[in-house]
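Please keep the sequence and the structure in view while reading.

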Amino acid sequence: MAKTPAAPAPKDVPTTASGDTSLTGKGRATPSRAEQEAARKRPLVPDTKEAKARAKADLAAQREKARIGMANGDQRYLPARDQGAQRKFVRDWVDAGWHLGEAVMPAMVLVILATFLPIAALQYYAFVGLWIFIFFVIGDMVITSITVKRAVRKKFGEGKVEKGLGWYAAMRTVQMRFLRLPKPQVKRGQKPA
């Protein structure tokens with residue numbers, strides 16, 4: 001059987017005195033798998049107090065920026081339920097008027113205070129009055145829902161009305177004005193654009 005001639009040894013490979021090239025081609029032993037893995041290991045994130053503090057400060061700044069943007073009605077920071085031109089119109093329409101639902105929480109506080117008084121008739125009439133007031137609030141919510149949908153149809157066209165706008169408006173009427181998010185962009189009595 002014919003043998004191929006041996007390739008000449010590279011110039012950088014040391015040879016023994018007899019010309020033997022029994023060492024490997026790179027001149028050093030191959031590292032073991034454990035050595036290779038140990039050499040590759042490094043922390044993905046630097047584990048320093050300064051890096052953690054900087055990351056925490058950056059996250060706090062981003063959250064504050066998003067909170068301010070959402071409060072101001074910036075579309076980039078609004079949740080999906082508040083985005084869109086029709087939702088903005090509905091928010092402005094609700095914020096421009098007075099609604100009974102804004103007084104639900106104060107009315108409930110008054111009823112709770114009335115329960116501490118030892119007068120049974122006052123407690124009874126306070127609860128009855130609260131339920132009557134809640135029925136008026138529900139009526140105001142229904143009327144608001146109907147009129148908002150009518151105003152949206154008039155402004156944006158009959159076939160382009162989003163679903164859920166009536167409920168969105170009704171739920172906004174129940175919130176006290178200073179607690180609404182996004183914050184009101186119009187004054188009371190000012191017609192939305």
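Ser145 lies in helix H5, in a model that is predicted. With a relative accessible area of 13%, Ser145 is buried, since the cut-off for that class is under 20%. Once residues up to four places away in sequence are set aside, Ser145 touches Gly166 and Trp167.

## The chain as a whole

The chain contains six helices and zero strands, and along the sequence this reads as the pattern α-α-α-α-α-α. Of its 193 residues, 24% are buried. Among contacts with a separation of 6 or more, 70% join residues 24 or more positions apart.

## Helices H5 and H6

The axes of H5 and H6 come within 8 Å and cross at roughly 130 degrees, and the two helices are therefore oblique to each other. The crossing of H5 with H6 is right-handed. On the H5 side the contact is formed by Met141, Thr144, Ser145, Val148, Lys149 and Val152, while H6 contributes Leu165, Gly166, Trp167, Ala169, Ala170, Met171, Thr173 and Val174. Sorted by class, the residues of this contact comprise nine nonpolar, four polar and one charged.

## The largest nonpolar core

Which residues form the largest nonpolar core? There are nine of them, namely Phe89, Val90, Val94, Val148, Ala151, Val152, Leu165, Tyr168 and Ala169, and helix H3 (85–95), H5 and helix H6 (165–174) each supply at least two residues of this core. Val148, one of the core residues, is in contact with Val90, Trp93, Val94, Leu165 and Ala169, leaving aside its neighbours within four places in sequence. In soluble globular proteins, nonpolar side chains tend to be buried together.

The buried residues of H3 are Gln86, Arg87, Phe89, Val90, Arg91, Asp92, Val94 and Asp95, and what covers them includes H5 and H6.

## Helices H4 and H5

Helix H4 (residues 104–115) and helix H5 (residues 120–156) have axes that come within 9 Å and cross at roughly 170 degrees, which makes H4 roughly antiparallel to H5, given that angles over 145 degrees fall in that class. The crossing of H4 and H5 is left-handed. H4 meets H5 through Val104, Ala107, Met108, Val111, Ala114 and Thr115, and the partners on H5 are Gln123, Ala126, Phe127, Leu130, Phe133, Ile134 and Val137. By class, this contact of H4 with H5 has eleven nonpolar, two polar and no charged residues.

Is Leu110 buried or exposed? Leu110 is found in helix H4, and at 57% relative accessibility Leu110 counts as exposed, because the cut-off for that class is over 50%. Leu110 and Leu130 are 20 residues apart in sequence, and their C-alpha atoms are 9.3 Å apart in space.

Key: Residues numbered from 1 in each chain as written. Predicted model: local features only at pLDDT ≥ 70, side-chain atom pairs only at ≥ 80, totals over all residues. Heavy atoms only, no water. Axes fitted to C-alpha atoms, helices over the stretch in contact; angles between N-to-C directions. Helix = DSSP H or I, 4+ residues; strand = E, 2+ residues; numbered from the N terminus. Parallel < 35°, antiparallel > 145°, perpendicular 65-115°, else oblique. Left-handed = near helix turned anticlockwise from the far one by under 90°. Contact = heavy atoms within 4.5 Å. Nonpolar A, V, L, I, M, F, W, Y, C, P; charged D, E, K, R; others polar. Buried < 20%, exposed > 50% of the residue type's maximum accessible area, 1.4 Å probe, protein only. Core = buried A, V, L, I, M, F, W, Y, C linked by side-chain atoms within 4.5 Å.
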